[in-house]
Amino acid sequence: DRETGFMISIDLDGKLQIKSSSDITSTNNQLITQLDRPVLKLFYDLNGYMLALDNNFDLYQFSELNWKNLDH
């Protein structure tokens with residue numbers, strides 16, 4: 001993640017996870033986003049917006065630069 005430096009991952013169900021610290025062995029927390037479908041890949045565009053490729057190979061751009069909300 002560009003803001004925190006924590007690793008973002010995608011589980012087998014296509015749900016987004018983020019580490020609770022920069023330590024790779026730290027616990028994962030689920031990311032709650034406005035995207036309601038399984039994700040295959042995430043990446044930033046040149047302007048800093050997050051793009052998501054879903055399991056139907058549709059590309060989505062999050063409308064806000066702050067695209068995530070942590071669910072602790």
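Helices (H or I, at least four residues) and strands (E, at least two) are taken here as DSSP runs and are numbered from the N terminus, and two strands are said to pair if DSSP finds at least two bridges between them. The structure is a predicted model, in which local features need pLDDT of at least 70 and side-chain atom pairs count only at pLDDT 80 or more, while totals for chains, interfaces and linings use all residues. Residues are numbered from 1 along each chain as its sequence is written, and side-chain values use heavy atoms, with hydrogens and water left out.

In general, the strands of a sheet pair through backbone hydrogen bonds, in either a parallel or an antiparallel manner. In this model, three strands form an open sheet in the order 4-5-6, with antiparallel pairing. Strand 4 and strand 6 stand at the edges and each has a single partner strand, so that one side of each is left without a neighbour in the sheet. From one strand to the next, the twist averages 20°, where axes are lines fitted to C-alpha atoms (for helices over the stretch in contact) and angles run from 0 to 180 degrees between N-to-C directions.

Strand 4 (residues 39–44) is joined to strand 5 in the antiparallel sense by five bridges, and Phe-43 has Leu-51 of strand 5 as its bridge partner. These two strands form a hairpin with five residues between them, and in the turn Gly-48 has a positive phi of about 95°.

Within strand 6, Leu-59 is the bridge partner of Leu-53, and Tyr-60 is that of Ala-52. Strand 5 and strand 6 likewise form a hairpin, here with four residues between them, and Phe-57 in the turn has a positive phi of about 60°.

Four of the five residues of strand 5 (residues 50–54) are buried, so this strand is largely enclosed by the rest of the structure; buried means under 20% relative accessible area, exposed over 50%, and partly exposed in between, with a 1.4 Å probe and protein chains only.

Ile-8 lies in strand 1 (residues 8–10) and, at 21% relative accessibility, counts as partly exposed. Apart from its neighbours within four places in sequence, Ile-8 is in contact (heavy atoms within 4.5 Å) with Asp-1, Gln-17, Ile-18, Leu-31, Leu-42 and Trp-67.
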